[in-house]
Every structure is written in structure tokens, then in C-alpha cells.
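Below are some notes on the model, for use alongside the sequence and the coordinates. They take the pockets, then the cores, then the backbone.

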Amino acid sequence: TDANAIRMLIGTTEDLHLDCKIWPREEDAQRVLAKALCGFANAEGGVLVIGLQAKPSPGKDDPDLIDKAVPVNDAIAVKSRIENLVGQIVEPPVEGVRVAAVAEAPGSSAGFVVVSIPPSEGLPCRSRKDSRFYLRISSGTYPMEYFQIADMFGKRRRPILKLYLEEGRVEPRSGISNRAIILGIENSGRAVAKFPCVRF
């Protein structure tokens with residue numbers, strides 16, 4: 001990723017896998033970073049770009065619009081700070097986070113910081129800054145509802161459903177071929193599947 005590729009995001013919108021922030025003062029930075037880490041880790045993973053500003057779109061329900069670049073003064077220093085914070089501000093810590101500094105121009109210390117956050121394979125993550133669980137939904141990051149937290153704590157045991165199909169022999173009768181078919185759902189997981197169905 002280079003600075004030009006990052007600037008090309010200006011004029012587009014944030015989405016489920018992309019969040020853009022400007023780097024605030026230290027305490028706010030920890031809170032913003034913890035929220036983003038939890039939100040992406042508890043969802044499908046994503047990328048946080050530090051150095052781009054997003055503002056609300058005119059439509060009430062539209063995703064935020066990335067409207068301008070606000071590079072950090074020292075991208076290497078911010079990268080180092082984020083790497084130090086990743087293991088401290090979220091519990092359990094998010095594994096596999098990658099952080100990269102991107103210079104605004106060759107030889108410049110100013111630039112952008114790109115944080116790649118994978119989805120969590122274990123229990124849900126929560127922010128140590130406010131003790132909340134967050135989830136990335138569409139283009140926003142929101143506190144998780146109780147049922148969402150409960151579902152994620154139980155996600156180690158999920159039903160694993162597969163379509164079951166058994167075909168019988170073709171039996172010609174009066175010029176018409178008949179075949180018996182057994183159609184169903186097979187659960188190979190350790191949890192009970194609630195209300196499974198097949199539409200045929």
C-alpha cells in the first residue's frame with residue numbers, strides 16, 4: 001500500500017471492512033483504537049486507516065464519506081504506539097494484528113498508519129477503556145447487545161449443518177419413472193440447531 005492508494009479512498013465511503021480515523025490526543029486515541037479493534041475482531045475483521053477523515057453523509061442512513069486526508073506528523077511513531085497498545089487495551093488481546101506506516105511522500109516522516117485486524121477465532125473481545133463489547137455492523141461500530149455477546153461466548157459450540165440427500169432406484173411404472181428421494185439436514189456439530197428447515 002502506498003500514499004496514492006490511500007488517497008484514492010477519498011470520495012468513497014466506509015464499509016463493513018474499512019474504518020478511517022484521524023489520530024487524536026493520547027487518551028482519546030486509546031479509546032478509539034480499542035473500539036475499532038473490538039469491532040472488527042468481533043465481526044469479520046477489517047482495516048483501520050489512521051490519517052483519513054470521514055464525515056456523515058447527507059442521507060441519515062448512508063455510510064460516512066471519506067472526505068480528506070489528515071496525515072499524522074510522525075507515522076513511524078504512531079505505528080510504534082499502536083503496536084504497543086494492541087495488547088493492552090483489549091481483552092482478550094486480538095492476535096494477528098498488523099500495523100504499517102505509509103509515508104505521505106518519499107523521505108517524509110508524516111503519513112498514514114494502516115492497521116489490519118483479523119476476526120477473532122475465540123471469545124469476543126472487549127475494550128479495557130470502557131469495558132464494552134463492540135461489533136462492526138455495516139459501516140459503523142456499535143456496542144453489542146446482550147444476546148450478541150451471549151451468542152459469541154457460545155460460538156465454540158455451533159451446529160454444523162449439511163444437506164442430506166439419498167436417492168433411491170428408478171422404478172418404471174406404466175411408462176412413468178418413479179424415484180424415491182430422502183431429503184434432510186444433517187448436523188455434525190456439537191450444538192443443537194434451532195428451527196432448521198429445508199425449502200424444496
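How much space lies in the largest pocket?

1. The largest pocket holds about 420 Å³ of space. This is a predicted model, in which local features need pLDDT of at least 70 and side-chain atom pairs count only at pLDDT 80 or more, while totals for chains, interfaces and linings use all residues. Residues are numbered from 1 along each chain as its sequence is written, and side-chain values use heavy atoms, with hydrogens and water left out.

2. A pocket here is an open set of points on a 1 Å grid over the protein atoms alone, where a 1.4 Å probe fits, with protein on both sides within 12 Å along at least five of seven lines; lining residues have an atom within 4 Å of a point. Of the 21 residues lining the largest pocket, Glu-14, Asp-19, Lys-21, Asp-64 and Ser-139 lie nearest its centre. Two or more lining residues come from each of strand E1 (18-21), H2, strand E3 (52-55) and strand E10 (140-143), and H2 gives the most, with four. Helices (H or I, at least four residues) and strands (E, at least two) are DSSP runs, numbered from the N terminus. The lining has eight nonpolar, four polar and nine charged residues.

3. The largest nonpolar core has 25 residues. Such a core is a set of buried Ala, Val, Leu, Ile, Met, Phe, Trp, Tyr and Cys residues joined through side-chain atoms within 4.5 Å, buried meaning under 20% relative accessible area, exposed over 50%, and partly exposed in between (1.4 Å probe, protein chains only). Helix H2 (26-41), strand E2 (46-50), helix H3 (75-86) and strand E7 (111-117) each supply at least two of its residues; H2 gives the most, seven. A second, separate core of 10 residues includes Ile-6, Leu-18, Val-49 and Val-114.

4. In H2, the buried residues include Leu-33, Leu-37 and Phe-40.

5. The second largest pocket has about 170 Å³ of space. Pro-92, Pro-93 and Val-94 are among the residues lining this pocket. Pro-92 is in the loop between strand E5 (90-91) and strand E6 (98-103), and a cis peptide bond, with omega about -15°, joins Glu-91 and Pro-92.

6. Two serines deserve a check. Ser-131, in the loop between strand E8 (126-127) and strand E9 (134-137), has a positive phi near 65° and is partly exposed, at 45% relative accessible area. Ser-138, in the loop between E9 and E10, has a positive phi of about 55° and is exposed, at 52%. Most residues other than glycine have a negative phi, and most peptide bonds are trans.

Conventions
Grid points are joined across faces, edges and corners, and a volume is the space filled by probe spheres set on the points. Ala, Val, Leu, Ile, Met, Phe, Trp, Tyr, Cys and Pro count as nonpolar, Asp, Glu, Lys and Arg as charged, and the others, Gly among them, as polar.
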